[in-house]
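Here is a short report on one protein model. It covers a helix, the nonpolar cores and a single strand residue.

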Amino acid sequence: MADPSLGIPYLRTYRGAKQLIVDGKPFIILGGEVHNSSSSSLAYMEPIWPRLVSLGLNTVLLPVSWELIEPEEGRFDFHLVDGLIDGARRYGLRVIFLWFGTWKNALSTYTPVWVKTDLERFPRAQDAMGRRLNSITCFSRSGLEADSRAFRALMRHIREVDGEKHTVIMMQVENEVGILGSARDYHPLAEEYFHREVPEELMKYLEANRENLNPYLKSIWRRSGWKTSGTWSEVFGLGADEVFMAWYFARYVDSVAAAGKEEYPIPMYVNAWLGPSAYVYEEGRPGEYPSGGPVSRTLEVWRAATPHIDLVAPDIYREDFCQVCCEYDRLGNPLLIPETIRDERSASYVYYALGRHNALGFSPFGIDDIVDPEKHPLSECYRILSGMIPVIARYQGTGRMMGFTDDGSYGYSHMASMWRARARVRGFECDLGGYRLRISFTRELMERMKAILSGFQYEARIPSGGLIIAVEDDMYIAVGVNFMLRFLPRDSFSSNVEILWVDEGVYKDGEWIPDRRLNGDETGHGSYVYFDDKPKIRMVKVHSVG
Ligand code: DGJ
């Protein structure tokens, strides 16, 4: 971890939650990642910058590829890196650079030509038939040395040009690593390592964390009778290929990160092409997804193997968004979502990630495709969240903040009513502050309203989502879309809870600026707080009348 006294971005632990500190203050990444090829041209980026600002981003994730910074061995060209940093500064954005080095999406497509074509020096991984894959083997020393040298040079350069200003706040090391098309590498070097003993460091980590291991890893280890030494097959049986690949990919990536951190130790992470869940049974064999990548089944292996990597981040394109977040928010691994879908759902998912998991940041992929930011709901969502960053940061790790999103995993749970409409709705209840909160997702209820009230306007583009903070036991900040919030007594069914007042407003640099006082029809005469399809922030005071 970086030394805070250096003044450069670092991660700190605050009440058990991890926070990214930039220029001395907690920073939450409201980000977006550009398409793979966009940042290879400064001219191409020029019209994109203002759109990113209109979208409300505070950070942009930009690829930097090995082939472009070291076109000839030992000759580095950082004009793109400099231009990108300059562009970000002109538009008041921070940057996370994505190091497309030895691997990008499990392939070695971003390596320079002098690497790709030298099959002797940079040998490829092989499948069981001995066929060479389009991926450098992670057992290649020369691959590791060349990649580390380039990454070291990149980090040195970033320190030189940005060590004071901190435009670059984090680095992603490689991209979605692993091996595709085979569960493991059969290159002769890999074969040799596969028949060696499992490294002691890994066995020690697993033994120390045995109770908390994910069910998949536990089950393959249990089947070997919890052996504490032996070859990969002896200890991990049928799961050996993937665990073996995970360890050696992780060691390679960790060495690259270590070389970079020697020059400039800002936080670094790896991102994952997701595999099957480690917690619920799902189809999927390693090799169909990148085997050895940081999937949830091998998160423990990655954590044990990568002391220089600050976190493992999931790229979430799956529908079970909440489940994936839970699977990566464990073992002290802070949640960061560097890639996710960029449609309307993103403007709901972000509340859950920040409110429920203290996420360091959130970033839809292909953000440059949003050509009309004003029409995309993420803009308004990011805009209102950005003023709240100091408030959200203050409540991280306190147990007084929650978040939710309707990712389709909630069932119908209760009846909700508004005016004369009643409907069975999805949602949930939870305790927060001094009260029990009932959250109703409002789609069905609003459809009923539309059916019985002529002229009633209703359109919900965004799935229900929200973030709620109990600033006091009887006072709440609620932000989000398409839900209804009611307050119930926490432990007595006989008492009645009233809403004393509801103010709508915004946060500016963490300061509350109230606007309308909501009452009457807008709160069902003091019985609920309703959020429609346009994100809003409300401050609510309640009391119990016994
Ligand atoms: C995941 C990769 O990490 C990204 O670079 C990009 O290729 C997306 N997939 C494409 O959807």
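Which residue just after H14 takes a positive phi? Asn358 does, at about 50°.

## Basis

This is a predicted model: local features need pLDDT of at least 70, side-chain atom pairs count only at pLDDT 80 or more, and totals for chains, interfaces and linings use all residues. Residues are numbered from 1 along each chain as its sequence is written, and side-chain values use heavy atoms, with hydrogens and water left out.

## Helix H14

H14 spans residues 346-357. Helices (H or I, at least four residues) and strands (E, at least two) are DSSP runs, numbered from the N terminus. The 12 residues of H14 reach 16 Å from first C-alpha to last. That is close to the 16 Å expected at 1.5 Å a residue, taken as 1.5 Å times one less than the number of residues.

H14 is largely enclosed by the rest of the structure, because 11 of its 12 residues are buried. Buried means under 20% relative accessible area (1.4 Å probe, protein chains only). Among the buried residues are Tyr349, Tyr351, Tyr352 and His357.

## Nonpolar cores

A nonpolar core is a set of buried Ala, Val, Leu, Ile, Met, Phe, Trp, Tyr and Cys residues joined through side-chain atoms within 4.5 Å. The largest has 130 residues; Phe97 and Trp232 touch the most other members. Helix H11 (residues 240-263) gives the most to this core, with 13 residues. A second, separate core of 24 residues includes Phe428 and Ile468.

## Phe531

Phe531 lies in strand E24 (residues 529-531). Phe531 is buried, with a relative accessible area of 0%. Not counting residues up to four places away in sequence, its contacts (heavy atoms within 4.5 Å) include Thr442, Phe483 and Arg538. Thr442 is 89 residues from Phe531 in sequence, yet 8.8 Å away in space, C-alpha to C-alpha.

Definitions and conventions
Buried means under 20% relative accessible area, exposed over 50%, partly exposed in between (1.4 Å probe, protein chains only).
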